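Please keep the sequence and the model open while reading.

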Amino acid sequence: MSTVGVVMLVHTALERAAQVVRHWTANGCPVVLHVDRNVSRDLFARFRQSLDGNPLVRFAARHRCEWGTWGIVAASQSASEVMLAEFPDVRHVYLASGSCLPLRPVQELTDYLAARPQTDFIESATTADVPWIVGGLSHERFTLRFPFSWKKHRYLFDRYVNLQRRLRIKRRIPPGLVPHMGSQWWCLTRQTLSAILQDPERPVYDAYFRKVWIPDESYFQTLARLYSGNIESRSLTLSKFDFQGKPHIFYDDHLQLLRRSDCFVARKIWPHAERLYQAFLTDPAGAMKRTEPNPGKIDRIFAKAVERRTRGRAGLYMQSRFPGHGSENGVTSSPYSVFQGFTELFEDFETWLARTTGARVHGHIFAPQGAAFSEGQSLVNGCLHGNAKARDYNPESFLTSLIWNTRGERQCFQFGPRDNQAVNWLVARDTNAQVSVISGAWAIPLFKSSRSFAELRQEAARLQQREAEQLQILRSQWTKARVRIWSMAEFVEAPMEPLQTIIDEIGPLTARHLGEAPRMTDLEGFGQFLQNLKNQGMHPYLMGDFPVGQSPASPSKPQRKPYLVRKS
């Protein structure tokens with residue numbers, strides 16, 4: 001018979017528990033079972049009958065077990081007492097649950113513990129040193145009383161805790177005890193476990209811990225410090241928890257992950273994980289090398305899983321994790337470029353930009369009449385429609401969806417004061433946004449319009465006010481986007497340098513020395529147009545200074561304006 005005995009707490013999936021019991025006993029390990037009193041008598045009778053005739057199986061007195069209450073400790077005590085009384089050859093007692101699964105051959109565990117006859121494996125740390133308490137009580141769990149179930153009577157639980165706080169009621173911790181916490185799943189030597197269960201002060205300790213919250217994580221962890229001569233503060237059972245403090249459940253596709261852990265036992269295993277039970281309970285070699293258990297080898301994977309669940313993927317918005325304003329994991333999923341005033345100043349800017357960079361270049365996707373997607377499409381990736389009414393229902397989600405659905409391909413689109421302005425703050429605080437603005441370029445279509453001058457003046461005042469408000473946002477201290485703003489007069493004075501800068505910023509794969517430039521629209525008479533607006537009482541200040549009668553230089557005539565030499 002093995003020197004390792006297993007105390008197993010069972011409350012569900014009894015067929016799987018029986019399968020694991022037979023695995024332990026087939027390798028010489030005696031097993032004492034505690035079946036939750038909440039399990040029906042008929043189900044318990046069938047479970048007991050399935051193990052009849054096995055000389056290494058015993059059953060302990062049943063207790064009603066509920067999360068966070070004393071019943072789990074009482075169950076562990078009762079089963080441990082049976083183990084110590086019935087199996088005198090057992091040197092180590094291993095506490096497990098019905099959902100635990102041995103990952104390595106039982107003989108390896110036996111040999112491992114035989115080589116460490118005086119070592120207790122139990123996670124045990126003071127309350128100030130544990131990082132895993134999630135949304136619960138720390139030191140107060142030892143100084144307040146908890147007569148009500150947190151799960152069944154949450155209202156009474158919270159009210160009673162608040163009452164004790166208001167009245168400043170504090171329990172006395174029994175003399176000599178320093179509260180410790182740790183994993184419920186331990187492996188104690190016979191000597192230490194016997195000392196805990198046979199201590200003359202046990203009635204005092206039991207009475208105290210009955211009203212401690214979640215005593216199964218503190219009772220043995222605290223008392224082991226009184227009696228053990230050699231504690232290794234770790235559990236031999238692989239048990240991982242998520243950000244809410246709930247245990248991770250292992251499924252069939254975790255097979256290789258469990259193998260890499262080198263741990264002896266893992267919980268919590270999904271009862272229908274047939275592949276896991278088949279691999280670990282029937283393979284005598286276990287396909288695992290003899291090495292020190294090292295759950296830290298897979299901690300990185302669990303850390304990534306927790307981050308993915310809590311933060312999500314950058315730029316992805318979903319119902320189950322819809323973020324509060326400013327708390328999302330990145331506003332959008334990938335870089336994109338916004339151009340304002342370029343299509344007004346250059347006649348072929350969109351085709352030129354697409355040809356030069358290879359990016360997907362859209363028109364004004366927030367235009368009043370609807371989104372002008374590239375190549376005249378009305379529908380783009382993800383069935384995103386350009387209908388203005390559907391888009392304006394939630395313009396911010398429209399933009400984030402466009403970037404998410406087309407990730408892997410650089411998106412560029414045009415914007416201006418005529419467009420829906422609801423996305424200004426989203427773009428401004430998005431680190432993925434590259435915003436290039438030629439302020440005042442909205443006046444060019446008015447300059448070329450045949451509308452009455454009174455209408456043009458009114459429209460110019462409206463557009464200038466909207467662009468001024470937008471520029472104020474882009475210049476805000478909260479702005480995180482890469483923003484470049486030129487006045488129109490400044491830009492047309494030397495257009496090649498800003499164009500080269502924009503192309504370089506879009507990406508190193510597309511950046512190159514410009515050998516051609518988009519064709520600038522004819523601005524002959526534009527200065528006089530601005531002067532006429534001034535004469536009518538409207539001051540167009542966003543364009544910069546355009547002298548009356550002077551025509552701006554055109555970048556399509558390279559002999560008048562030499563190209564920039566790109567700096568390395």
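A residue is called buried when its relative accessible area is under 20%, exposed when that area is over 50%, and partly exposed in between, with a 1.4 Å probe and protein chains only. The model is predicted, so that local features need pLDDT of at least 70 and side-chain atom pairs count only at pLDDT 80 or more, while totals for chains, interfaces and linings use all residues. Residues are numbered from 1 along each chain as its sequence is written, and side-chain values use heavy atoms, with hydrogens and water left out.

Ala13 is partly exposed, at a relative accessible area of 23%, and sits in the loop that joins β1 (4-10) to α1 (14-26). Helices (H or I, at least four residues) and strands (E, at least two) are DSSP runs, numbered from the N terminus. Phi of Ala13 is near 50°, which is a positive value in a residue other than glycine. A positive phi also occurs at Arg168, another residue that is not glycine, where the angle is near 55°. Arg168 belongs to the loop between α6 (154-167) and β8 (180-181), and with a relative accessible area of 76% this residue is exposed.

Where does the loop between β12 (265-266) and α11 (274-282) come in? Lys268 is found in that loop, and the peptide bond leading from Arg267 to Lys268 is cis, with omega near 10°.

**Nonpolar cores**

A nonpolar core is a set of buried Ala, Val, Leu, Ile, Met, Phe, Trp, Tyr and Cys residues joined through side-chain atoms within 4.5 Å. In soluble globular proteins, nonpolar side chains tend to be buried together. The largest such core in this model has 68 residues, and Phe342, Leu345 and Phe526 are those with the most contacts inside it. Helix α19 (residues 453-474) gives the most to this core, contributing 6 residues. A second, separate core has 50 residues, including Cys29, Leu51, Ala266 and Phe280.

Contact means heavy atoms within 4.5 Å. When neighbours within four places in sequence are left aside, the contacts of Phe342 are Phe349, Ser436, Val437, Ile438, Trp486, Phe491, Leu499 and Ile502.

Phe44 is part of helix α2 (residues 41-50) and counts as buried, at 13% relative accessibility. Apart from neighbours within four places in sequence, Phe44 is in contact with Val35, Val39, Phe59 and Arg62. The C-alpha atoms of Phe44 and His11 are 9.7 Å apart, although 33 residues separate the two along the chain.

Arg429 also counts as buried, at 17% relative accessibility, and is found in the loop between α17 (424-428) and β18 (433-439). With neighbours within four places in sequence again left aside, Arg429 is in contact with His325, Gly326, Glu328, Val331, Trp478 and Lys480.

**Helix packing**

Two packed helices are described by the angle between their axes and the distance between the axes. Here the axes are lines fitted to C-alpha atoms, for helices over the stretch in contact, and angles run from 0 to 180 degrees between N-to-C directions. Angles under 35 degrees count as roughly parallel, over 145 as roughly antiparallel, 65 to 115 as roughly perpendicular and the rest as oblique.

| Helix pair | Axis distance | Angle |
|---|---|---|
| α3 (residues 71-86) and α7 (residues 190-197) | within 11 Å | roughly 125° |
| α7 and α9 (residues 219-227) | within 9 Å | roughly 105° |
| α1 and α2 | 10 Å | about 20° |

The angle between α3 and α7 makes α3 oblique to α7. In their contact, Gln77, Ser80, Glu81 and Leu84 of α3 meet Arg190, Leu193, Ser194 and Leu197 of α7.

For the next pair, α7 is roughly perpendicular to α9. Thr192, Leu193, Ala195 and Ile196 of α7 meet Tyr219, Phe220, Leu223, Ala224 and Tyr227 of α9.

In the last pair, α1 and α2 are roughly parallel to each other. Leu14, Ala17, Ala18 and Arg22 of α1 meet Leu43, Phe47 and Ser50 of α2.
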